[in-house]
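Keep the viewer open as you read.

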Amino acid sequence: MNEAQAAFTDEELTSYLDGEADNALRSRVELALSTDAALAQRLQTLDMPVAALRDVFSAAALGAPQMPEGLIPASRPARAPLRLIAGMAMAFGLGVLSTYMLQPGPQPQTAPGWKAVVASYQSLYITDTVANGSQPTEVTAEVLDGFSSGQGVDLSPAQTVEGLEFKRAQLLGFKGKPLLQMAYLGPDGVPVAFCIIRSSGADKAMQSEVLAGMAAASWVSDGIGYLVIGGQDQGFVDGVAADLQGKLG
């Protein structure tokens with residue numbers, strides 16, 4: 001392991017891949033990637049999605065001739081085996097890869113993290129999406145119990161939030177990990193979502209942010225990532241997040 005790679009722990013690199021790294025860590029990783037091809041391989045072993053890998057090693061990005069169709073793996077969500085990375089690197093040639101890494105130009109694209117994906121999904125919501133989606137109590141209980149038993153977090157208190165009307169809970173997924181979405185109707189019919197997923201990152205205090213043009217607040221506690229998102233009223237979203245954080249502990 002060279003000096004650049006030794007500067008990062010597996011937890012930090014996993015946090016970068018999950019889109020949970022802070023700005024300082026993300027900048028350090030991306031700077032190291034511009035000069036250290038081996039670091040890109042290490043990222044892959046930690047769970048780099050095939051789609052992102054294809055972007056990094058694409059013929060367009062490398063300025064190399066188009067890769068023969070037969071060598072391009074079919075798109076699928078599963079992890080790419082390490083031998084595939086070796087095969088792709090050999091196809092392009094380590095010389096080409098090193099040249100690319102040392103030249104100025106577009107940096108390797110970062111796969112969107114779970115918060116960015118949730119924000120994109122939430123941006124499709126309108127008032128009717130949530131207003132007409134009330135869920136039977138027994139179904140809600142079943143969804144919450146199933147998630148709670150697997151992830152060790154009791155979300156039943158999150159059904160009651162000041163200023164929001166709880167509508168439903170549904171189980172989604174991100175990179176093979178369960179992701180629970182709780183949907184609410186906020187003031188003036190604004191859809192608001194509370195999303196929860198297992199996180200590999202360290203605990204983080206609540207932070208306000210803007211995702212896909214919507215107000216959001218997120219935090220990480222005891223290996224669980226939390227996100228509240230919806231509308232443009234940052235103060236209201238921060239208040240909802242603080243209420244939920246207090247209820248869940």
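A residue counts as buried under 20% relative accessible area, as exposed over 50%, and as partly exposed in between (1.4 Å probe, protein chains only). Glu209 counts as buried because its relative accessibility is 17%. The model is predicted, so local features need pLDDT of at least 70 and side-chain atom pairs count only at pLDDT 80 or more, while totals for chains, interfaces and linings use all residues. Residues are numbered from 1 along each chain as its sequence is written, and side-chain values use heavy atoms, leaving out hydrogens and water.

Where does Glu209 sit? Glu209 is found in strand β4; strands here are DSSP runs of E, at least two residues, and helices are runs of H or I, at least four, numbered from the N terminus. Strand β4 (residues 204–211) runs antiparallel to strand β5 (residues 214–221), joined by six bridges; pairing requires at least two bridges found by DSSP. Two residues separate β4 and β5 in their hairpin, and Ala212 in the turn has a positive phi of about 50 degrees. Gln207 stands opposite Ser218 in β5.

Now look at what Glu209 meets. Its side chain makes a polar contact of 2.6 Å with that of Ser218 and one of 3.1 Å with that of Lys115. Such a contact is a pair of N or O atoms within 3.5 Å; within protein, one must be able to donate a hydrogen and the other to accept it, and residues adjacent in sequence count only if both atoms are side-chain atoms.
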